[in-house]
Amino acid sequence: MSEIEKITGNNPEAKSLDITQQNIEQLKQLFPDVFSEGKIDFEALKAVLGEEIDNSEERYNFTWNGKTKARQIAQTPSTGTLRPCQEESVNWDATENLFIEGDNLEVLKLLQKSYHKKVKMIYIDPPYNTGKDFVYKDDFHDNIQNYLEQTGQVDNEGNKLSTNSDTSGRYHSAWLNMIYPRLRLAKNLLKDDGVIFISIDENEVKNLKQVCDEIYGEDNFIGEIIWRKRKGGGNDSQFLAIDHEYILIYAKNKDAQHSKWRVPYEGEYLTRYKNSDKNGSFYWDTLHRGGLQSPIIYDVECPDGTIIKNGTWQISQTSFNIKKEQGLVRIIKNKNEEWSVQHKVYQPAGKVQRSIYEAFTNTDSSNELKDIFSKDKYFDTPKPTGLLKMLLNLSNVNGDDIVLDFFAGSSSFADAVLQRNLSDNINTKFIMVQIPEKIDHKHRAFTDGLKTVSEISLARIKKAIKNINESYGVKFFKLDKTNIRPWDADFDNLELVLQQATESIKPDRSSEDVLYEIFLKYGYDLTTPVETKSVNGKQVFVVGAGALIVCLDDEITGETVEGIAKLKEELDPETTQVVFKDAGFADSNVKTNAIQILKQAGIDDVKSI
């Protein structure tokens, strides 16, 4: 390496994960013989796969208008970034919770490197396609610009996100084109033992099931919860009062779900476990079971020598004898002075969740929002935190697990995570994503000063932190175009273009903006610890105890580079990556010598932006 490599638009570090290229590399590892001059020989691939290829014109598949484009959109890398908003965050330096304002399609792309296979659970409550919900207008060529225009951030025309009217001939197709790429990208973020829960109603549950079967696999379908969302009402319905919604559940890999799915028992049920020993709380239950189709029959001798002839029992005689020797069985007189054969039943970790759930309703969730904001309800159908805590328990989320909701809405899910963290003394971390959908000026939230759904969402998280535990926090980021200035040749103003060519970073962006874009493109978590140091008077960001060192100041001298090399030796990380601003060096000699200075310190990965 004789000179510092500059990160350009074609570099992997300039964009999110290239999923297409990743798939090609995986295919190359599996079938190297199907590649010729770097390209896939499709005929050779078909020959390798043999009879597994279905070439018939009539075969079972699920398709719709726009599916090919939806797949392309999912595989197109993003060149955007997430800009930190430290002043609007809570406990920035300590928290590992994230709230991201932006189009979730682009955000999911940007998270691919940093959070690949790191998320334990995803819960989403996407638009139900009722004709009133907005649908994201994805653009294959420049979705960041498209997003900024839709949300009114780049013009004064008041662009509004569309509704998906059922008068459209492609009513279902439009919704499928929205959900499909997002679910594909979300799958990459799940851990091998991760799981996704998706709330939906009758309008799209059938189509959603088929999409998830394709993306996650039919074999990884865990089940469907029918949630009773209301009790009473509905008398104005023409045919049926729909009281329920659905929650579809898919595992990333069902075989990796080693732990049994259980939810806690209610306190009233647990009162029966009044006794305890070294093995835990228990109660004595009768071993006798009558009315069984295939009874287990044998004699049992009582303490006075009486024989219970042909008794019917829950367990085999062998198991009975073993339990008796271990002190887990007793034979005592009951209140009727009859011999009763009993065994210890220990308190279980939890109960199996039933597929029909009725514990919480929309009324509960509306009241929760009223209590939080001390106002009329801001949302018609938020999800109750009790329901979401049940799902968290069900999927065995605990400890330092990461959970994700990329249709945050009112951030009920974040609220549920924080409540559960306090009650269970754990540190589950959330990532919430919400597009800044504009609120109608007649809405109560608008009159209260909240102009977008994302503002309501973040406000709820902040109020939940204040109410639950003020030591909790949230880091706030906003989706935006890259911090790196593109090379745009303007032949009508070439002099200005040439003047700007030396400045690679946009003038309105901070060093922190650029730092977190480097995080995303290099694959560092957005909550990776950052220490700011002064090296020869220059600001240096030390990330992950020296795994990444970034200096974006101007007039960098050889002394600064030597100071960075010394810093690396002091921290002694296993490997170190260094990034400078391309125009930040005092002169070309310093830039050339920087390579050798850092190489002598064992740093081979040096780039500039």
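Which residue's side chain has a polar atom 3.4 Å from the backbone nitrogen of Ala-408? Gln-434 does; more on that residue in point 3.

1. Ground rules. This is a predicted model, in which local features need pLDDT of at least 70 and side-chain atom pairs count only at pLDDT 80 or more, while totals for chains, interfaces and linings use all residues. Residues are numbered from 1 along each chain as its sequence is written, and side-chain values use heavy atoms, with hydrogens and water left out.

2. Overall picture. The protein has 18 helices and 26 strands; helices (H or I, at least four residues) and strands (E, at least two) are DSSP runs, numbered from the N terminus. Of its 609 residues, 46% are buried, where buried means under 20% relative accessible area, exposed over 50% and partly exposed in between (1.4 Å probe, protein chains only). Among contacts (heavy atoms within 4.5 Å) with a separation of 6 or more, 74% join residues 24 or more positions apart.

3. Gln-434. This residue lies in strand β20 (residues 429–434) and is buried, with a relative accessible area of 5%. Leaving aside neighbours within four places in sequence, Gln-434 is in contact with Phe-99, Ile-100, Glu-101, Gly-102, Phe-407, Ala-408, Gly-409, Val-453 and Ser-454.

4. The ten-strand sheet. β20 belongs to an open, mixed sheet in the order β4-β21-β5-β20-β19-β6-β9-β11-β10-β18. β4 (81–84) and β18 (356–357) are at the edges with a single partner strand each, so one side of each has no neighbour in the sheet. Pairing here requires at least two DSSP bridges between two strands.

5. α12 (residues 412–424) lies across β6 (119–124), β19 (402–405) and β20, at about 170° to β20. α7 lies across β9 (190–200), β10 and β11 (244–251), at about 5° to β11. For these angles, axes are lines fitted to C-alpha atoms, for helices over the stretch in contact, and the range is 0 to 180 degrees between N-to-C directions.

6. More on α7. Its twelve residues reach 16 Å from first C-alpha to last, close to the 16 Å expected at 1.5 Å a residue; the expected span is 1.5 Å times one less than the number of residues. Buried residues in α7 are Val-205, Asn-207, Leu-208, Val-211, Cys-212, Asp-213, Ile-215 and Tyr-216, and their cover includes α6, β9, β10 and β11. Gly-217 follows the helix, with a positive phi near 95°.

7. Helix α3. In α3 (residues 67–75), Lys-67, Ala-70, Ile-73 and Ala-74 are buried. Why do they line one face of the helix? Seen down the axis, they fall within an arc of 115°, so one face takes them; the arc is that of the directions from the helix axis to the C-beta atoms. They pack against α1 (19–30), α4 (104–110), α6 (171–189) and α7 (205–216).

8. Leu-17. This one sits in the loop between β1 (5–6) and α1, and at 19% relative accessibility it counts as buried. Leu-17 and Leu-110 are 93 residues apart in sequence but 7.5 Å apart in space, C-alpha to C-alpha. Not counting residues up to four places away in sequence, Leu-17 touches Gln-22, Pro-77, Lys-109, Gln-112 and Lys-113.

9. The four-strand sheet. A second open sheet to look at runs β12-β13-β17-β16, with antiparallel pairing. β12 (275–277) and β16 stand at the edges with a single partner strand each, so one side of each is left without a neighbour in the sheet. The twist averages 40° from one strand to the next. β12 and β13 (residues 280–286) pair over three bridges, with Phe-282 in β13 as the bridge partner of Asn-275.

10. The hairpin end. β16 (residues 329–333) and β17 (residues 339–346) pair in the antiparallel sense over five bridges, Ile-331 having Val-341 as its bridge partner in β17. They form a hairpin with five residues between them, and Glu-337 in the turn has a positive phi of about 60°. α9 (residues 317–325) lies across both strands, at about 85° to β16.

Methods: A polar contact is a pair of N or O atoms within 3.5 Å; within protein, one must be able to donate a hydrogen and the other to accept it, and residues adjacent in sequence count only if both atoms are side-chain atoms.
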